[in-house]
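Hi everyone, thanks for coming. Let me put the model up on the screen and then talk you through it.

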Amino acid sequence: MSEPLVPIIERDDSGPYLVGTRCRACEHVFVGPREACARCTERESLESLRLADSGRVYVWTVVHRSFPGVATPFIDAIVDLDDGSHLKGTLADIDPDAVTFDLPVRVEFREEIPAGETLPYLTYVFVPSKETGDE
Amino acid sequence: MSDVYIVGTDMIRFGRLPERTVPSLAAESALLALDDAGLGIRDVEALYCGNLGQAGGMVAQRILAEIGQTGIPATNVANACATGATAFHNAWMSVKAGAYDTVLAVGVEQMGKGLLGGGRSGPSPEGLIGSNTMPAMFAQIGVEHMRKHGTTVEQFAKVSVKNHHHATLNPKSMYRRETPLEEVLGAEMIAWPNTKLMCSVNVDGSAAAVLMSESKVRSLGLMDRAVRIRASEMSSTPFAERQLAMPDFSAATRVAAERAYERAGVGPEDLDLVELHDCFATAELVHYENLGLCADGEAGKLIDSGDTALGGRIPVNVSGGLLSKGHPLGATGIANIYEISTHLRGEAGDRQVAGARLGLTHVVGGGPGMGTSCAIHILERV
Ligand SMILES: [Zn+2]
């Protein structure tokens with residue numbers, strides 16, 4: 001099985017998921033593991049959780065020029081996940097002109113070969129949620 | 001406590017200088033700044049040098065190897081795009097604290113071409129998990145402004161038209177060419193909405209300043225051309241909601257600005273000109289609001305009004321800014337201080353802001369998941 005491209009991707013019997021941390025003191029939800037809360041500075045209040053697998057586009061950009069070997073254009077989106085965390089990722093399977101603020105998206109896991117590598121890694125993308133079809 | 005003054009400052013013309021070394025670029029502006037003050041390296045009691053590309057390379061010591069090894073303490077500083085301003089801030093603190101009377105601050109960078117960002121080891125997530133390029137990050141900051149305030153692509157593009165126009169009046173700018181709105185909008189798209197002409201120019205360069213205590217300025221009779229440092233303030237990112245997903249350059253700027261205005265006892269309405277961190281056209285409009293040049297949501301209107309162009313109410317980036325003068329990371333913060341000082345001295349030639357008495361410089365840097373660093377200086381004509 002492919003290695004995760006970034007350490008926030010973990011796996012269990014049900015498949016891959018994104019790991020986050022909730023601060024019980026201030027309720028902030030962070031992407032990835034952490035030892036102290038950057039928001040309220042508490043150190044004993046953190047619990048890890050599975051991040052939500054759906055959310056809405058906060059902002060995006062269409063990247064036309066990237067580092068050598070990286071295929072362009074692609075959409076770089078900042079998504080507000082339904083648990084209140086904020087995640088950066090590539091938004092796939094949509095025409096750049098069709099992206100809107102607050103577009104509903106879900107997190108999908110895929111095997112992809114990073115630029116300059118030969119083997120695939122396990123990564124995540126955002127894709128438009130199904131229910132947007134009837135808008 | 002007595003004030004600290006700039007008694008000499010200068011920069012080399014920014015450009016592509018691959019045949020030079022980093023210490024030689026830095027030494028050139030250091031000597032120009034000392035000449036401007038009528039001083040020599042033997043008069044300098046400490047040196048602070050800002051550089052990113054060779055942060056582990058003892059650039060401060062190598063400058064002294066070029067211009068005189070007098071045995072003074074020499075400190076190397078790296079702090080993203082605030083590197084040069086941080087070196088200047090450290091120099092200011094050392095004089096303010098009474099440790100030294102005369103201190104040299106130098107900022108230098110040799111950049112090469114290409115996109116900034118990345119820099120991690122292992123397989124690159126670029127493209128698969130969004131982008132770690134600087135243009136993408138600053139594009140999203142502009143898109144956030146569109147989301148909140150309805151700002152248009154044309155309003156962002158006008159920043160480039162203005163700053164490229166200013167640069168035609170600055171002999172030390174990398175580019176000195178007018179770029180009409182259609183040309184800015186029609187240039188190669190880098191990361192929507194920023195086209196190539198809306199991205200800062202990677203150049204090589206250096207800038208330097210000599211800082212001096214009030215008693216020393218008086219005893220040497222240097223007050224005539226001295227510039228008073230009314231505030232030298234820094235900040236790191238206070239917690240900002242989306243900061244780990246998209247670097248937040250606004251929260252840190254607002255904190256530093258508030259501290260600087262308070263320290264100087266002035267407000268944004270008292271400023272005659274501003275050099276702010278226009279690393280991308282989108283950034284300039286966001287910083288109008290962060291620095292209090294207009295109310296939140298009014299930045300689009302402010303660029304439309306022409307008030308931030310030379311001749312307007314509050315000219316911004318009369319030097320041409322990072323967009324046209326160029327952005328040699330470690331040098332930028334001191335080059336901005338040189339620009340404001342030159343106007344306050346009434347020596348800015350064709351681009352002189354008439355009657356300039358009070359000016360502000362701003363730089364802010366950072367990267368994805370790293371947080372940000374901001375430095376703001378308020379300078380006053382003596
Ligand atoms: Zn907390």
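Of the 135 residues in chain A, 49% are buried, where buried means under 20% relative accessible area, exposed over 50% and partly exposed in between, with a 1.4 Å probe and protein chains only. Please keep in mind that this is a predicted model, where local features need pLDDT of at least 70, side-chain atom pairs count only at pLDDT 80 or more, and totals for chains, interfaces and linings use all residues. Residues are numbered from 1 along each chain as its sequence is written, chains are lettered from A and ligands numbered from 1 in the order in which they are written, and side-chain values use heavy atoms, with hydrogens and water left out.

On to the fold. Chain A has nine strands and zero helices, counting DSSP runs numbered from the N terminus: E of at least two residues for strands, H or I of at least four for helices. The C-alpha atoms fill a box of roughly 45 × 40 × 30 Å along the principal axes.

Now, the zinc ion. Which residues are its protein donors? They are A:Cys23, A:Cys26, A:Cys37 and A:Cys40, each through SG, lying 2.3 Å from the zinc ion; donors here are N, O and S atoms within 2.8 Å of the metal (3.2 Å for Na, K and Ca), and water is not among the atoms, so sites may look incomplete. Their spacing in sequence is C-x2-C-x10-C-x2-C. The arrangement is tetrahedral because the four donor atoms subtend angles of 105 to 116 degrees, and four donors count as tetrahedral if all angles lie between 85 and 135 degrees. A:Cys37 counts as buried because its relative accessibility is 3%, while A:Cys40, at 26%, counts as partly exposed.

How values were computed: Four donors count as tetrahedral if all angles lie between 85 and 135 degrees; four count as square planar and six as octahedral if opposite donors are over 155 degrees apart and all others between 65 and 115; anything else is irregular.
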